[in-house]
Amino acid sequence: MITVELIEKYGAIKKTFDKNDLVFEEGNLPLNYYQIISGEIKMSNYNDDGREFIQGIFYSGQSFGEPPLFLNQKYPANAIAVENAEIFILPKENFMKLLEENPKVSIKIIENLAQRLYYKSVMAAEISTQEPEHRVLKLIDHGIAYFNFQKDQNGYLINFTRQQIGDLTGLRVETVIRTIKTLEKKGELKIINRKVYR
């Protein structure tokens with residue numbers, strides 16, 4: 001999103017996180033802008049039963065956690081490394097200065113936030129009213145468009161685990177597994193070597 005040269009010019013540091021490390025915690029006030037260099041980060045929280053709900057999954061080149069940063073509100077979710085990750089961390093004051101001095105970057109950040117808001121709106125309607133097959137397909141189709149899943153001779157490789165699909169759609173992992181098998185029988189998905197393709 002923000003070029004390496006520009007983010008480093010404004011004082012970003014690189015920090016490494018191991019798998020399952022906490023990047024920031026729900027309830028804390030935001031102090032920094034985060035942009036992934038490599039790896040994968042999820043933002044999630046848990047309900048009263050201890051069930052995880054993933055708010056979003058973010059990959060190399062993407063940023064996360066900006067809404068509370070702009071609003072000066074506490075984080076509504078934890079940010080956790082799904083795998084080993086390296087992240088640029090830019091202090092809030094430097095980030096705001098970067099945006100003021102670079103309007104094209106500001107527009108890109110606004111577009112990114114709008115895309116996420118659109119996704120949340122679409123998925124909220126899907127999760128609350130639709131059957132599991134529809135939810136899973138909607139998530140996968142959005143993932144193809146938004147996360148740029150790679151296409152090969154088998155179709156688009158879906159880079160979500162079955163657990164992540166469940167956590168993103170509000171379904172239990174067992175339901176996701178059954179749903180994926182049903183969608184395979186209907187020709188909507190392919191399962192090759194335990195990997196899901198669309």
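**Domain arrangement and helix packing**

The domain assignment divides the protein chain into domain 1 (4-117) and domain 2 (129-197); such bounds come from an automatic or database domain assignment. The model is predicted: local features need pLDDT of at least 70, side-chain atom pairs count only at pLDDT 80 or more, and totals for chains, interfaces and linings use all residues. Residues are numbered from 1 along each chain as its sequence is written, and side-chain values use heavy atoms, with hydrogens and water left out.

The C-alpha centres of domain 1 and domain 2 are 26 Å apart. Across the interface, 13 residues of domain 1 contact twelve residues of domain 2 (contact: heavy atoms within 4.5 Å). About 1100 Å² is buried between domain 1 and domain 2. Buried area is the accessible area (1.4 Å probe) that two parts lose on being put together, summed over both. Carbon and sulfur atoms give 50% of this area.

The criterion is a side-chain nitrogen of Lys or Arg within 4 Å of a carboxyl oxygen of Asp or Glu. The whole structure holds six salt bridges. Lys 108 pairs with Glu 111 in a salt bridge, with the closest N and O atoms 3.9 Å apart. Both residues belong to helix H4 (residues 103-129), where Lys 108 and Glu 111 are three residues apart, about one turn of the helix. Helices (H or I, at least four residues) are DSSP runs, numbered from the N terminus.

Helices H5, H6 and H7 pack against one another in pairs. Axes are lines fitted to C-alpha atoms, for helices over the stretch in contact, and angles run from 0 to 180 degrees between N-to-C directions. The axes of H6 (residues 162-169) and H7 (residues 173-185) come within 8 Å and cross at roughly 110 degrees. H6 is therefore roughly perpendicular to H7 (65 to 115 degrees). Arg 162, Gln 163, Ile 165 and Gly 166 of H6 meet Val 173, Val 176, Ile 177 and Ile 180 of H7. This contact comprises five nonpolar, two polar and one charged residues. Here Ala, Val, Leu, Ile, Met, Phe, Trp, Tyr, Cys and Pro count as nonpolar, Asp, Glu, Lys and Arg as charged, and the others, Gly among them, as polar.

The axes of H5 (residues 132-146) and H7 come within 9 Å, crossing at roughly 85 degrees. H5 is thus roughly perpendicular to H7. Pro 132, Glu 133, Val 136 and Leu 137 of H5 touch Thr 175, Thr 179, Ile 180, Thr 182 and Leu 183 of H7. Five of these residues are nonpolar, three polar and one charged.

H5 and H6 pack at about 105 degrees, with axes 10 Å apart. This makes H5 roughly perpendicular to H6. Arg 135, Val 136 and Leu 139 of H5 contact Ile 165, Leu 168 and Thr 169 of H6. The contact of H5 with H6 has four nonpolar, one polar and one charged residues.

Methods: Helices (H or I, at least four residues) and strands (E, at least two) are DSSP runs, numbered from the N terminus. Angles under 35 degrees count as roughly parallel, over 145 as roughly antiparallel, 65 to 115 as roughly perpendicular and the rest as oblique.
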